[in-house]
Amino acid sequence: MRIGFGLDVHAFSQQRDLILGGIKIPYERGLLGHSDADVLVHSIMDALLGAMALGDIGQHFPDTDPCYKDISSLVLLDRVIILLEKEKYQIENIDCVISAQEPKLAPYIPKMKEVLSKHLKISTSQISIKATTTENLGFEGRKEGITSRCVCLLENKE
């Protein structure tokens, strides 16, 4: 068994869509980043890569490479899953926490789990996504951006 931890943070930005867990969330601002800046998917990818001891998303998909400009993070997640299969691991579970003062995310979590389960090739029952505020404290509480944390458990298939 291997455990991985992922963390990602992005600031809010005008004139961008807010994409979390591969879905568009209605909100007046999106997140700043080279790709679509999906902090949830980024934290999942970092957790998976970390559990496999394969570095982080910056090493695999550098923000200096123009081919990743505005790319869907789900495309990048699919590439991480190819690495996971090549290394002969399977996902046992994923547990994530999104910290954002706003928007309220609870209504969108079932759809996020549905989208992610297809890309992760696991059941929605193996994915936990929780959303919390920081009670108006810090970066998230000042509505400057969103943080996502993820932990995963992998099992070797061999």
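A: Two strands are taken as paired if DSSP finds at least two bridges between them. The model described here is predicted. On that definition, the pairing gives an open sheet of 5 strands in the order E4-E1-E7-E5-E6, and the pairing is mixed.

Start with E1. Its partner E7, residues 145–156, runs antiparallel to E1, and 10 bridges hold the pair. Within this pair, glycine 4 faces cysteine 152 of E7. E1 also pairs with E4, residues 30–31, again in the antiparallel sense but over 2 bridges. Serine 13 has glycine 30 in E4 as its bridge partner. E7 in turn is joined to E5, residues 89–99, by 10 bridges, and these two strands run antiparallel. Here aspartate 95 stands opposite valine 151 in E7. In a regular strand, side chains alternate between the two faces of the sheet.

A pair of aromatic rings is described by the distance of the centres and the angle of the planes. The structure holds 2 aromatic pairs. In one of them, the ring centres of phenylalanine 12 and tyrosine 27 are 5.4 Å apart and the planes meet at 40°, so the pair is classed as tilted. Phenylalanine 12 belongs to strand E1, while tyrosine 27 sits in the loop between strand E3 (23–25) and E4, so that the pair links distant parts of the chain, 15 residues apart. Phenylalanine 12 and tyrosine 27 are both buried. Another aromatic pair consists of phenylalanine 61 and tyrosine 68, with 5.5 Å from centre to centre and 80° between the planes, an edge-to-face arrangement. Phenylalanine 61 and tyrosine 68 are buried as well.

Strand E1 (2–13), helix H1 (39–51) and helix H2 (57–60) each contribute at least two lining residues. By type, the lining consists of 6 nonpolar, 5 polar and 2 charged residues.

H1, one of the contributors to that lining, has 13 residues and spans 18 Å from its first C-alpha to its last, close to the 18 Å expected. Of those 13 residues, 12 are buried. Among them are His42, Asp46 and Leu49. After H1 comes alanine 53, with a positive phi near 60°.

Most residues other than glycine have a negative phi, and most peptide bonds are trans. Lysine 88, in the loop between H3 and E5, has a positive phi of about 65°. With a relative accessibility of 36%, lysine 88 counts as partly exposed. Beyond E5, proline 103 lies in the loop between E5 and helix H4 (109–120), and the peptide bond from glutamate 102 to proline 103 is cis, with omega near 5°. Aspartate 70, in the loop between H2 and helix H3 (73–86), has a positive phi of about 60°. Its relative accessibility of 46% makes aspartate 70 partly exposed.

Key:
Residues numbered from 1 in each chain as written. Predicted model: local features only at pLDDT ≥ 70, side-chain atom pairs only at ≥ 80, totals over all residues. Heavy atoms only, no water. Helix = DSSP H or I, 4+ residues; strand = E, 2+ residues; numbered from the N terminus. Nonpolar A, V, L, I, M, F, W, Y, C, P; charged D, E, K, R; others polar. Phe/Tyr/Trp six-rings, centres within 6.5 Å; stacked < 30°, edge-to-face > 60°. Buried < 20%, exposed > 50% of the residue type's maximum accessible area, 1.4 Å probe, protein only. Expected span 1.5 Å × (residues − 1).
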